[in-house]
Amino acid sequence: MARAQPGRRIAILASGRGSNALSLIEACRTGRIEGEVVLLASNRPAAPALDLARAAGISTLAEDSRGRADRRAWDLAFLERVAASQPDLIVLAGFMRRLHADAVAPWYGRMINIHPSLLPAYPGLDTHRRVLAAGDHEHGASVHFVSAELDAGPVFAQCHIKIDNHDTADSLAQRLLPHEHRLLIASVAHLMRGDIHLDGRSVIFRGQPLTTPLSID
Ligand code: GRF
């Protein structure tokens, strides 16, 4: 396979279904993202995301993280194996493991995560149920640079949906998903074009500090 152009190699980390991963793979192949997915890595060997990647001809890495006593050592070894594919960007797309601070630090500014809430609201799990319980009228998803704190790195893009009276956690998750896919594709496309980078905790977008996240709706 031809080598991806320098600066445009993408590794995806996923633990489950893999719909965001697949949408990124397709967007690269159709030219909506000027980049190439060079690896899909998972901490769950049975993750459907791995099968989707294999079917798409993408290299995969599967390492079971369950039952490992030394979290830090596992995370460092896992990311070392990911690094062997020489990614310029690591995308966490449904990667359901909190990586140790020492493992993410070398990737600060080059590792992003998609989270199903309008951060800083609702970091962590179960966001759709929590947003309904709070009586919010709006929901969405965020893409942020990964830092040591859970779902708290600099956010640079978000999508929004209205919450209906009859929404359930499942209906919200289902309605949000296609918006998430578009958000992640647009975010990665910006990064691959060099539109966005980090300066400390500040996001720089086309040479200017970004004061509010980009709206990708
Ligand atoms: C998405 O909702 C994503 O925001 C969250 O986990 C879910 C993953 O879905 N982090 P998929 O595996 O990409 O289909």
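Me: I'm starting at the ligand. How far does a polar side-chain atom of R17 lie from an oxygen atom of the ligand?

Reply: The distance is 2.6 Å, counted from a polar side-chain atom of R17 to a ligand oxygen. Keep in mind that this is a predicted model. To read such a pair, ask whether two N or O atoms come within 3.5 Å.

Me: Which residues are around the ligand?

Reply: You'll find R17, G18, S19, N20, G94, I114, P116 and E180 there. By class, this shell has four polar residues, two charged and two nonpolar.

Me: Moving on to rings, how many aromatic pairs does the structure hold?

Reply: There are three aromatic pairs. Take W74 and F78: their ring centres are 4.6 Å apart and their planes sit at 20 degrees, so this pair is stacked. The cut-off for stacked is planes under 30 degrees apart.

Me: Where do W74 and F78 lie?

Reply: Both belong to helix α3, residues 71-83, and they are four residues apart, about one turn of the helix.

Me: Last topic, the backbone. Is the peptide bond from L119 to P120 cis or trans?

Reply: Here's the general idea: most peptide bonds are trans, and most residues other than glycine have a negative phi. The bond from L119 to P120 is cis, its omega being near 15 degrees. P120 is in the loop between β5 (111-115) and α5 (127-133).

Me: What about the phi of Y122?

Reply: Y122 isn't a glycine, yet its phi is positive, about 55 degrees. Y122 is placed in the loop between β5 and α5.

How values were computed. Residues are numbered from 1 along each chain as its sequence is written. This is a predicted model: local features need pLDDT of at least 70, side-chain atom pairs count only at pLDDT 80 or more; totals for chains, interfaces and linings use all residues. Side-chain values use heavy atoms; hydrogens and water are left out. A residue is near a molecule or strand if one of its heavy atoms lies within 4 Å of it. A polar contact is a pair of N or O atoms within 3.5 Å; within protein, one must be able to donate a hydrogen and the other to accept it, and residues adjacent in sequence count only if both atoms are side-chain atoms. Ala, Val, Leu, Ile, Met, Phe, Trp, Tyr, Cys and Pro count as nonpolar, Asp, Glu, Lys and Arg as charged, and the others, Gly among them, as polar. Rings of Phe, Tyr and Trp (its six-membered ring) pair if their centres lie within 6.5 Å; planes under 30 degrees apart count as stacked, over 60 as edge-to-face and the rest as tilted. Helices (H or I, at least four residues) and strands (E, at least two) are DSSP runs, numbered from the N terminus.
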